[in-house]
Amino acid sequence: MAIGKNKRLTKSKKGGKKKAVDPFLKKEWYKLVAPSIFSKKECGKTIITKTQGQKIASDGLKGRVIELSLADLNENEAMSYRKVKLCVEDVQGYNCLLNFHGMDMTRDKLCSLIKKKQSIIEANVDARTTDGYIVRMFCIAFTKKQDDQLKETCYAKSAKGKAIRGKMVSTMAALAGKGDLKTLVKALIAGTTGEEIEREASSIFPIKDCYIRKVKVIKKPKFDVTALMEWHTDDGTDVGASVAPVVAEELVAGSGGRL
């Protein structure tokens with residue numbers, strides 16, 4: 001370095017300090033609208049960066065998967081062990097229209113079912129609904145002691161386990177194949193399929209705690225707005241609360257009413 005010259009003292013710094021801007025000023029909130037089969041329509045909100053140039057906000061929202069508790073959606077605490085996945089299919093104004101994407105069980109419920117001295121029987125099947133969805137369903141069940149059994153354990157032999165799995169697969173495939181996805185979801189929410197499998201398998205080996213523990217939507221048909229709007233229109237089944245009949249009041253002479 002030459003004498004009498006200080007390196008970079010004369011030059012100004014490149015680029016000054018950037019002004020801190022709140023990132024939330026560039027964001028906007030959208031409502032999440034659940035399908036009409038659930039009792040609670042507005043189930044939450046989601047955030048996205050506002051539309052800037054060619055980056056459109058609605059395109060960023062489509063395909064988002066939201067996981068909710070069935071207890072919150074149906075306002076029924078008995079179903080708190082069920083988790084429902086809903087996918088954003090379309091955006092209308094500031095409303096995100098959701099469609100069914102999957103179902104699962106909470107870990108604590110699953111762990112509470114697993115015990116010693118019994119066999120776990122699990123099966124899964126890929127089934128196609130009438131409206132073109134391919135759904136993968138997983139079923140779980142546990143063996144139980146027979147009436148008046150003295151033996152501590154109740155393990156099932158592999159042949160009997162195989163026979164029960166066959167019953168599970170046929171029941172789940174029939175459930176999915178007999179209607180569209182909406183019918184299937186209603187049946188899954190009702191939760192009667194597990195009891196049906198228990199009845200059918202009782203002739204092979206007594207089982208208990210049979211649940212369809214997980215449901216995945218593997219393949220969807222081409223997006224159709226009218227099909228989506230069917231999910232978000234009421235079926236007309238909800239007739240509202242019953243109202244007491246109106247009783248005509250009898251007016252007595254001299255009480256101020258006209259006769």
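Where is His 232 found? In this predicted model, in which local features need pLDDT of at least 70, side-chain atom pairs count only at pLDDT 80 or more, and totals for chains, interfaces and linings use all residues, His 232 sits in the segment after helix 7 (225-231). Residues are numbered from 1 along each chain as its sequence is written, and side-chain values use heavy atoms, with hydrogens and water left out. Helices (H or I, at least four residues) and strands (E, at least two) are DSSP runs, numbered from the N terminus.

His 232 has a relative accessible area of 17% and is buried, where buried means under 20% relative accessible area, exposed over 50%, and partly exposed in between (1.4 Å probe, protein chains only). Contact is taken as heavy atoms within 4.5 Å. Setting aside residues up to four places away in sequence, His 232 touches Val 33, Ala 34, Pro 35 and Ser 36, together with Leu 97 and Leu 98.

On the scale of the whole protein, there are 7 helices and 8 strands. Of its 259 residues, 34% count as buried. Among contacts with a separation of 6 or more, 63% come from residues 24 or more positions apart.

A look at the aromatic rings comes next. Rings of Phe, Tyr and Trp (its six-membered ring) pair if their centres lie within 6.5 Å; planes under 30 degrees apart count as stacked, over 60 as edge-to-face and the rest as tilted. The count by this rule is 2 aromatic pairs. One of them joins Tyr 30 and Tyr 94, a tilted pair with 5.0 Å centre to centre and 35° between the planes. Because Tyr 30 belongs to strand 1 (residues 27-33) and Tyr 94 to the loop between strand 4 (82-92) and strand 5 (95-105), this pair ties together parts that are 64 residues apart in sequence. Tyr 30 is buried at 7% relative accessibility, whereas Tyr 94, at 48%, is partly exposed.

Tyr 81 and Tyr 211 also pair: their ring centres are 5.9 Å apart and their planes are at 70°, so the arrangement is edge-to-face. Distant parts of the chain are linked here too, with Tyr 81 in the loop between helix 2 (70-74) and strand 4 and Tyr 211 in strand 8 (residues 207-219), 130 residues apart. Both Tyr 81 and Tyr 211 are buried. The face of Tyr 81 has Lys 109 lying over it, at 4.8 Å from the ring centre; a charge sits over a ring if NZ of Lys or CZ of Arg is within 6 Å of the ring centre and within 35 degrees of the ring normal.

Strand 8 also holds Asp 209, a residue other than glycine with a positive phi near 45°. Asp 209 is partly exposed, with a relative accessible area of 25%. Another positive phi, of about 65°, belongs to Lys 117, which is not a glycine either. Lys 117 lies in the loop between helix 3 (107-113) and strand 6 (120-128) and is partly exposed at 38% relative accessibility.

What of the interior? A nonpolar core is a set of buried Ala, Val, Leu, Ile, Met, Phe, Trp, Tyr and Cys residues joined through side-chain atoms within 4.5 Å. The largest such core has 57 residues, and those with the most contacts inside it are Phe 38, Phe 100, Met 137 and Met 168. Beyond its neighbours within four places in sequence, Met 137 is in contact with residues including Ala 123, Val 125, Met 172, Leu 184, Leu 188 and Ile 212.

Leu 184 belongs to helix 5 (residues 181-190) and is buried, with a relative accessible area of 1%. Among the residues that Leu 184 touches, outside four places in sequence, are Thr 129, Val 135 and Leu 175. Leu 184 and Met 172 are 12 residues apart in sequence, and their C-alpha atoms are 9.9 Å apart in space. Helix 5 is largely enclosed by the rest of the structure, because 7 of its 10 residues are buried. Gly 191, with a positive phi near 70°, follows helix 5.
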